Structures are given as structure tokens and as C-alpha cells.
Amino acid sequence: MPLIETIALTKRYNLTPVLRKLNLTVEKGEFVALLGHNGSGKSTLMRLLCGLSKPTAGVIRVGGWELPKEAAAVRAQIGVVSHKVLLYDTLTAAENLRFFGRLYNLQVDHALIERSLKAVGLARRGDDLVRGFSRGMQQRLSIARALLHQPQVLIFDEPYTGLDQDGAAALDGLLQSAHAQGHTILMATHDLERAAALAERAVILTKGQIGHDAPLAGIDGAALADTYRTVSGIAAGG
Amino acid sequence: MKAAPFLTAVGAILRKDIQAELRGRELVGAMGVFALLAILIFSFALELDREARSEVISGVLWVTVIFASILGLNRSLAMERDQGNLDALLLAPISRSAVFVGKLIGNFLFTFTIAAVLLPVMTVLYGFSLFAPPLLLTLVLGVAGFTTVGTLLATMTVQTRAREALLPIVMMPIALPILLAAVRASSAIMNDAPPETWQAWMQILAALDAIFITMCFLLFEYVVEE
């Protein structure tokens with residue numbers, strides 16, 4: 001059984017269709033890059049999979065639980081990293097992790113916080129306020145927050161936005177490490193080079209439907225960009 | 001993994017808000033300065049005799065508390081909107097009502113703190129003793145009702161561009177019955193009216209609180225839903 005499954009998923013805002021009868025499956029342990037131009041429905045799909053939005057029609061299952069009926073069970077299995085860091089900048093790094101740990105009903109002890117901060121290279125910054133962190137550090141802490149409850153599925157929505165080269169390289173390492181640990185990853189991005197380098201499969205959305213869905217083995221960034229242009233009819237990054 | 005129990009989630013959100021406030025003093029600081037300036041301006045503007053002052057003092061207290069509260073509510077919910085934190089709360093496997101109750105208790109505590117500080121200051125400025133237990137109870141009930149409506153509406157308006165202007169516009173008509181009952185009860189207490197007068201208004205206030213708390217508790221899930 002796939003870990004993520006959508007059947008004839010449709011989402012309309014007022015009368016405007018954003019997703020049209022979308023069928024998608026993601027197997028356990030897969031790393032899928034979700035591509036598409038702005039307005040193709042990537043973020044809407046991500047929000048639906050997280051339970052932040054309700055479908056107009058169709059079925060969404062994550063880990064065998066159905067949305068929106070079993071939303072709490074689904075949310076417990078998902079960790080989300082977005083272009084917004086989803087952190088409180090008036091709290092320290094450790095306080096942020098403690099707070100989110102409590103929301104996920106974890107035994108939030110010093111060892112868990114230390115371990116989580118160490119995993120993202122912030123072991124010495126636990127007592128520092130998040131507002132003093134660089135964008136890259138905030139994004140790394142955001143990953144620690146998303147991994148805190150050891151979710152089966154990690155959803156990344158444009159995680160590279162605003163990161164410099166060093167920050168992006170650090171994020172690459174964390175994504176690879178999370179994938180190696182067995183997390184299933186779904187990442188929406190405009191960065192085709194990174195998608196080709198990191199993911200195992202590319203799904204290109206166009207006009208709310210899947211325009212292309214194929215493995216990325218042996219495909220480099222340039223070849224993926226060609227496919228992207230053909231499928232979406234516009235240049236990459238648009 | 002089990003979902004966090006309701007009270008654990010409420011406690012975590014409340015604790016986070018207090019922790020952030022103790023560090024930044026963004027809410028209570030702004031609300032406090034506004035409230036003190038407002039009653040100072042009122043005290044100079046209303047150069048009235050003792051009898052006339054006794055008629056308006058309750059209105060001054062509540063207008064000041066309410067506008068300070070609107071200031072705080074906007075900031076409190078803006079803190080959740082910035083960096084997408086409201087989404088982070090909604091992504092957690094907790095009841096959405098727990099998010100509402102956690103935010104509500106925090107907003108109540110911050111607003112009540114300001115209201116409680118105003119009492120001695122107004123006692124000095126207006127020459128009236130405002131230290132009466134029934135007045136404190138009226139403040140508790142009035143602030144609870146107002147922050148309940150405000151927390152729900154601020155969650156909606158904070159998503160809009162004109163949030164600072166929009167909140168008082170949508171909130172005042174809905175919270176008007178609470179304001180009316182609170183002003184009437186306070187005025188009766190301050191003017192040593194017979195207890196049955198202010199007790200009747202306080203009963204109305206308590207009933208309004210029960211209605212608004214129940215309604216807002218039930219509606220919050222729909223307000224944050226897409």
C-alpha cells in the first residue's frame with residue numbers, strides 16, 4: 001500500500017479549479033520532487049496532504065489514514081518544512097523545540113533537544129534567540145522541528161527560498177540524511193538541478209494535473225529542464 | 001504517537017505566549033503605554049466636578065481597556081501569522097479548539113493585567129476608590145467576553161492586509177452587548193447603586209460570556225479552515 005495516495009483529488013477556490021482529479025501515489029521511503037510553474041497547484045497539494053486545507057472532492061490517504069476524517073492521525077505522521085520557517089523568533093532554539101515537542105506529546109527532555117540540535121549543526125546555539133539566526137540556521141532549526149516527532153513523511157515546500165549557497169548546501173546534506181534514515185520525502189521546488197540531484201522521482205504538475213511522472217535515475221538537471229519545458233510549456237523557474 | 005491531550009496543548013500554547021511576552025514585552029508594553037496615555041488624556045480633557053466624573057469614569061475605564069485590548073489582540077495574532085506559525089500550530093496533532101483556548105487565556109491574562117493596573121492609576125487621577133471586589137469581578141467578566149470575541153475575530157482579520165483597521169470595525173458591533181453590560185455594571189458599582197442593580201447587569205454579562213465562549217470555541221475550527 002502506498003504511503004501517500006490521492007484519488008481523483010480536486011480542489012477549487014470559489015469556482016477556480018486548482019487541482020483537477022489528481023491521482024498520485026508515493027511509496028514508503030521514496031524521495032519525490034514536485035515540480036511545476038507558479039500556480040500549477042504544488043502548494044495547494046502540499047496543504048491538502050498536511051490537512052491544512054480540505055479537498056473539494058476526491059480521496060487523500062496518508063499512512064492508511066484518510067483526510068480530513070482522520071486529520072490528527074495524519075498530522076502526527078507528517079513533518080513540514082516550508083519557505084516560512086514556522087518558528088517563534090522571540091524564543092530560543094531550544095524553547096522552540098520544547099514547545100513543538102509538547103504539542104506532539106513527546107517527552108521533551110534535555111537529551112532530545114540536544115540530539116535534535118546536534119543533528120542540524122546547532123548544538124551550541126540552543127540558548128540563542130531565533131531572531132538572531134541567519135536564514136540558513138533558521139531553516140536548519142525548522143528541519144529539527146519537523147523531525148522532532150520522527151514523522152514517516154517529510155513535506156518540503158520551497159525549502160531553498162532565501163538560502164545562500166552555504167545554507168542550500170547544508171540543506172542538501174540534511175535532506176539526504178533524512179532520506180537515508182528512511183523518511184519519505186515530498187519536496188516542491190523550482191530548482192530543477194537540485195531536484196535531479198536529490199530526488200528519485202519527478203512529478204510535474206501543470207494546470208492542476210500530473211503532466212509528467214517518472215523516475216530520475218540517470219536524468220541530470222539539463223534533461224529534467226528539457227522535460228519540464230516540454231510538459232509545462234514554459235521555461236524552468238517560471 | 002498519541003495526540004497531545006487538550007489541556008497539555010492549551011498549557012503549551014499559553015506557556016509559549018507568556019515566555020515570549022516576558023522576553024519581548026511587545027504586547028503588555030504597547031497596551032500599557034497606550035492605556036496610561038489614554039486615561040491621562042481623558043483626565044485632562046474631562047475637567048468635571050466629582051458628580052459628573054462619577055458618571056463618566058466607568059466609560060473611560062472600559063473604552064481604554066477595550067482599545068488597549070484591540071492593540072494586544074492584533075499583536076498576539078500577528079505573532080502567529082508572521083513566519084507562518086499559525087500553520088505550525090494547525091499542523092500539530094492537537095484539537096484546533098486547544099489553539100483557540102490557549103490563545104484566549106493568554107490574551108485574557110495580558111488584557112486583565114492592564115485593566116488591573118489601570119484601577120490604582122485611575123483612583124489617583126480621578127479621586128475615586130476603584131478597589132471594590134464586585135468591580136474586579138466585572139472586569140474579569142467583561143475582559144473575558146471581549147477577548148473571547150477578539151481572539152476569534154483577530155484570527156480572521158490577521159490574514160488580511162488592513163488587519164489593524166479591520167479588527168475594531170468588525171469587533172465593536174459584535175462585542176457591543178458585552179461592553180454595554182460591563183459599563184452599566186461598573187457604573188452602578190462605582191456610584192454605590194443598590195446591589196441588585198449591578199448584580200442584574202453582571203448576570204447578563206456572565207450569560208453573554210457563556211454564549212460567546214461556546215460560540216467562538218465551536219466556530220474556531222471553521223475560521224482557520226481553508
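Helices (H or I, at least four residues) and strands (E, at least two) are taken here as DSSP runs, numbered from the N terminus. The model is a predicted one, in which local features need pLDDT of at least 70 and side-chain atom pairs count only at pLDDT 80 or more, while totals for chains, interfaces and linings use all residues. Residues are numbered from 1 along each chain as its sequence is written, and chains are lettered from A and ligands numbered from 1 in the order in which they are written.

Along its principal axes, the C-alpha trace of chain B spans about 65 × 35 × 30 Å. Of the 226 residues in chain B, 46% are buried; a residue is called buried if 20 or more other C-beta atoms lie within 10 Å of its own, exposed if 12 or fewer, and partly exposed in between, with C-beta atoms placed from the backbone. Among contacts in chain B with a separation of 6 or more, 83% come from residues 24 or more positions apart, a contact being two residues whose C-beta atoms, placed from the backbone, lie within 7 Å.

Chain A brings in the strands. Six of them form an open sheet in the order E6-E7-E8-E3-E9-E10, with mixed pairing; two strands pair if DSSP finds at least two bridges between them. Strands E6 (78–82) and E10 (209–215) of chain A stand at the edges with a single partner strand each, so one side of each is left without a neighbour in the sheet. On average, neighbouring strands of this sheet are turned by 15° against each other, direction ignored. Within the sheet, E7 (residues 153–157) and E8 (residues 184–188) of chain A are parallel partners over five bridges, and Ile155(A) stands opposite Leu186(A) in E8(A). Helix H8 (residues 221–232) of chain A packs on the sheet, where it touches E3 (31–35), E9 (201–206) and E10 of chain A, and its direction makes about 25° with that of E9(A). Axes here are lines fitted to C-alpha atoms, for helices over the stretch in contact, and angles run from 0 to 180 degrees between N-to-C directions.

Leaving aside residues up to four places away in sequence, Leu34(A) touches Lys42(A), Leu45(A), Leu186(A), Met187(A), Ala188(A), Val203(A) and Leu205(A).

Further pairings in chain A are antiparallel, including that of E1 (residues 4–13) with E2 (residues 16–26) over seven bridges. Tyr13(A) stands opposite Thr16(A) in E2(A), and in this hairpin, with two residues between the strands, Asn14(A) takes a positive phi near 55°. E1(A) also pairs in the antiparallel sense with E4 (residues 57–62) of chain A, over five bridges. Here Ile7(A) has Val59(A) as its bridge partner, while Glu5(A) stands opposite Arg61(A). Arg61(A) has a bridge partner in E5(A) as well, namely Glu66(A). E4(A) and E5 (residues 65–67) of chain A run antiparallel and are joined by three bridges; in their hairpin, which has two residues between the strands, Gly63(A) takes a positive phi near 60°.

After H3(A) comes Asn105(A), with a positive phi near 60°. The contact between the chains takes 25 residues from chain A and 24 residues from chain B. On the side of chain A, helix H1 (42–50), helix H2 (71–76), E6 and H3 each give two or more residues, and the largest share, four residues, comes from H3(A).
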